[in-house]
Protein chains: 2
Amino acid sequence: MIKKLKYIFNPKSIAVVGASNKPNKIGYTIIKNLIDEGYNGKIYPVNTHEQNIQGLKAYMKVSEIPYEIECAIIAVPAKFVPGILEESGKKKVKSAVIISGGFKEIGNIGLEEQIVHISNKYDMPVIGPNTMGVLNPKVQVDSIFLPIYKLKRPHIGGISVITQSGAIGGAILEVASESEIGLAKFVSYGNAAVINENDLLKYLGDDPETKIILMYIEGVKNGKKFFNTLKDITKKKPVIILKAGKSDISKEAAKSHTGSMAGNYMAYVAAFKQTGVIIANKLDDLFNLSKIFSQPFPKGKKVMVVTNGGGNGVLTVDAIVDNNLKLAEISKETISELKKILPAYAVPANPLDLIGDANSERYRASLELLKKDKSIDMFIVIVLFQTMSMNSDILNTLITFKSEIDKPMVVIATGGEYTRLHKKIIDQYGIPTYDTPEDAVYALRALYNYKKISQD
Amino acid sequence: MIKKLKYIFNPKSIAVVGASNKPNKIGYTIIKNLIDEGYNGKIYPVNTHEQNIQGLKAYMKVSEIPYEIECAIIAVPAKFVPGILEESGKKKVKSAVIISGGFKEIGNIGLEEQIVHISNKYDMPVIGPNTMGVLNPKVQVDSIFLPIYKLKRPHIGGISVITQSGAIGGAILEVASESEIGLAKFVSYGNAAVINENDLLKYLGDDPETKIILMYIEGVKNGKKFFNTLKDITKKKPVIILKAGKSDISKEAAKSHTGSMAGNYMAYVAAFKQTGVIIANKLDDLFNLSKIFSQPFPKGKKVMVVTNGGGNGVLTVDAIVDNNLKLAEISKETISELKKILPAYAVPANPLDLIGDANSERYRASLELLKKDKSIDMFIVIVLFQTMSMNSDILNTLITFKSEIDKPMVVIATGGEYTRLHKKIIDQYGIPTYDTPEDAVYALRALYNYKKISQD
């Protein structure tokens with residue numbers, strides 16, 4: 001059934017059951033989103049009353065649609081879902097996404113079992129029920145029922161997201177679109193009645209468009225299977241996981257010392273480490289970490305820090321030490337060359353503080369010299385865009401430098417509108433930007449760690 | 001000399017030495033900022049060549065200004081500074097801010113000693129040299145030499161900032177203005193040749209407009225004095241400190257086991273804890289923590305979590321446990337009342353998941369019931385603004401509820417433009433908003449801790 005997930009992510013035709021002309025209905029938003037984003041497969045609205053939905057011919061029932069359907073998106077009250085799914089199976093609909101809630105999550109176990117039964121009978125993969133939907137920006141497949149004006153969709157890219165929570169999924173989508181991070185596939189798997197996290201992990205592990213997998217999980221159906229799958233996939237591509245439910249430790253630990261529940265979360269962490277998973281400690285980490293994998297692997301642990309703000313340099317050194325990386329010891333030659341080009345009040349060292357009056361040219365000349373220094377494994381360039389001497393020319397300097405080196409490079413910049421504008425551009429040219437030294441260095445450390453896993 | 005700091009923060013007249021008509025000069029930006037922001041004291045530009053600076057009458061020398069000067073802002077090459085300061089002292093200028101760099105920080109110790117000598121001779125407080133400047137939004141005093149289009153200034157408020165690093169100071173200012181956080185005073189103290197962190201702490205500790213003090217320090221001149229001052233002030237108002245230079249530990253620890261340098265940072269942390277300082281672990285913490293002090297103190301540790309996203313609720317519980325706070329155990333009465341108003345698929349519990357289809361009215365009705373529950377010490381309300389049923393009416397619900405309770409309340413919302421718009425409004429009505437559960441709960445924990453210190 002895993003192979004058939006292509007009909008979920010890449011359907012040539014979609015039936016929307018529960019499609020509506022009423023803006024407050026989920027079935028309205030799904031149709032509107034498909035139209036507005038320009039999904040270029042066939043859309044068949046299904047509505048028991050209306051003959052026309054948002055300008056498209058509507059059908060009374062799935063079985064009345066006289067064409068092949070690769071995916072049925074179902075958004076009707078729970079009690080009607082098994083009937084519609086059965087009808088879809090008979091009609092040879094290739095896959096289904098059940099948006100509707102009201103199943104196992106509120107105790108309606110029988111209703112959910114019917115879905116599993118029908119799915120198996122027709123060998124028809126089902127996402128959900130109780131899912132926020134599926135997104136594939138490349139082909140404009142979008143069953144997410146949130147309006148686009150409230151939640152912008154990310155553009156096309158190499159990151160795929162598997163999330164147990166729709167709400168967290170929404171937050172992930174928004175961070176991605178705000179930060180101009182492109183996605184390959186997004187799936188909120190809801191109750192996982194049929195297709196679960198392990199199936200999705202396998203499918204996306206083999207998906208050539210997916211370069212990195214991000215997951216948010218609260219628990220998994222079958223730990224052993226899941227960790228075996230992870231072991232395979234982390235060798236091929238980075239898997240970054242945010243696992244919620246830590247509190248079980250603390251609660252249980254307080255109650256007793258048997259450690260049954262406690263062992264549970266600890267087991268996850270241990271298994272993640274063994275299987276090469278990159279652990280996200282907070283929501284932000286998911287993208288902070290994923291961005292770093294656009295970079296080549298570092299040869300070693302030695303970091304060069306270039307800055308126009310002394311304090312930021314100090315905080316970055318703190319983070320480097322905290323994360324068990326090292327400051328590069330630049331060569332005497334580099335130091336003496338730097339002396340020639342820097343003003344007398346700048347000290348050639350690492351961190352290299354170019355001083356608050358540094359302009360783009362001072363960055364360029366310094367980076368040019370550092371480029372040749374073999375003691376450097378990775379670059380952190382801090383730019384305070386607020387200084388008088390800083391302007392947009394720094395973009396050329398950074399982007400050009402990046403194109404000439406084969407080492408990881410990140411930019412740290414903290415600031416408002418003016419700074420954000422520039423950071424977006426830097427990100428788009430393949431240099432990950434971070435708000436804080438902590439985030440930047442944690443990401444570089446993850447890149448360093450993952451090198452070993454991928455080369456195992 | 002500390003009392004005379006009023007002339008630094010609140011001068012009725014300012015001379016800008018090095019004022020300029022050339023936009024690439026620091027002395028240009030300072031004059032432009034004072035004019036644009038509407039400083040309503042007297043501005044006297046000093047320039048050796050020009051008779052008119054940006055429409056203002058200019059003077060050749062400080063001594064030629066025929067009026068009283070309460071503050072001289074000096075932005076000329078280092079070698080000219082002692083002469084100008086001496087002239088200012090003779091002319092009975094009441095205080096000085098030396099923007100110019102090129103002193104002790106690059107080894108020119110003699111030049112800096114001259115400044116100390118002149119300052120003492122005339123009992124004239126000096127900020128700097130090598131400072132980014134001083135800001136007092138209430139009276140539009142602004143000697144920060146960064147253009148406003150690059151670095152927006154925050155509005156008037158109760159937070160004062162003392163920073164050793166200009167660059168970090170700039171980042172702090174930007175976060176404040178972006179987040180609509182108001183400032184009382186801001187000072188970057190640079191080399192602290194005369195006025196140091198301890199003097200500023202004392203002054204702002206007594207300043208009635210300063211409700212909270214934020215500090216960024218890399219080191220202090222006199223630890224004993226500093227910690228004694230802290231001990232006094234933390235009883236009166238919260239002092240939140242970000243201390244950089246942790247790496248000294250690691251470096252030194254690696255070199256030897258004598259622990260001389262290592263003891264240094266550890267001593268800071270220990271002393272901070274003893275003196276009631278609130279420790280910021282990262283830059284973001286400064287404001288995440290400071291915002292919380294708009295809230296009343298909680299009676300106890302018990303937190304109520306209300307959400308329209310299940311996953312966010314789980315992550316919040318994790319953070320609550322991590323920070324050693326507790327989930328409130330709401331009463332049976334509350335639970336049975338909640339049952340009456342909630343849809344069948346929502347479970348009355350803590351966290352209270354109002355489900356993704358919750359609208360403002362469902363929040364209102366639930367909060368109304370929770371208001372009466374005595375088991376609750378603080379409220380965390382999570383709002384996913386992206387759902388179909390959520391709209392701007394939630395603002396009324398939250399703001400009204402807040403006005404009716406005497407307990408701390410925070411809002412967590414993650415999202416892009418649409419979400420940010422709403423969060424700003426919520427912040428402005430005195431409910432601190434946070435991006436992540438971790439930040440929100442860490443802040444509530446700090447509020448709980450500070451309660452004891454302030455009541456000591």
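Select B:P296 and show its contacts: leaving aside neighbours within four places in sequence, B:P296 touches B:D406, B:K407 and B:P408. A contact here means that the C-beta atoms of two residues, placed from the backbone, lie within 7 Å. The model is predicted, so local features need pLDDT of at least 70 and side-chain atom pairs count only at pLDDT 80 or more, while totals for chains, interfaces and linings use all residues. Residues are numbered from 1 along each chain as its sequence is written, and chains are lettered from A and ligands numbered from 1 in the order in which they are written.

Stay on B:P296. The residue sits in the loop between α10 (283-292) and β15 (302-307) of chain B. Helices (H or I, at least four residues) and strands (E, at least two) are DSSP runs, numbered from the N terminus. B:P296 counts as partly exposed because 14 other C-beta atoms lie within 10 Å; the cut-offs are 20 or more such atoms for buried, 12 or fewer for exposed, and partly exposed in between, with C-beta atoms placed from the backbone.

Next, select chain B and chain A together. Here 56 residues of chain B are in contact with 55 residues of chain A. On the chain B side, the elements giving two or more residues are α2 (26-37), α5 (166-178), α8 (247-255), α10 and α11 (310-322). Colour α11(B), which gives the most, with 9 residues. By type, this side of chain B divides into 23 nonpolar, 21 polar and 12 charged residues. Ala, Val, Leu, Ile, Met, Phe, Trp, Tyr, Cys and Pro count as nonpolar, Asp, Glu, Lys and Arg as charged, and the others, Gly among them, as polar.

Now hide chain B. Chain A holds 16 helices and 20 strands, and its C-alpha trace spans about 80 × 60 × 35 Å along the principal axes. Of its 456 residues, 56% are buried. Among contacts between residues at least 6 apart in sequence, 74% join residues at least 24 apart.

Finish on α2 of chain A, residues 26-37. Its 12 residues reach 16 Å from first C-alpha to last, close to the 16 Å expected at 1.5 Å a residue, where the expected span is 1.5 Å times one less than the number of residues. Its buried residues include A:I26, A:Y28, A:I30 and A:L34. The buried residues of α2(A) pack against β1 (13-17), β2 (42-46), β3 (52-53), β5 (71-74) and β9 (141-142) of chain A. Then select A:G38, which follows α2(A) and has a positive phi, near 85°.
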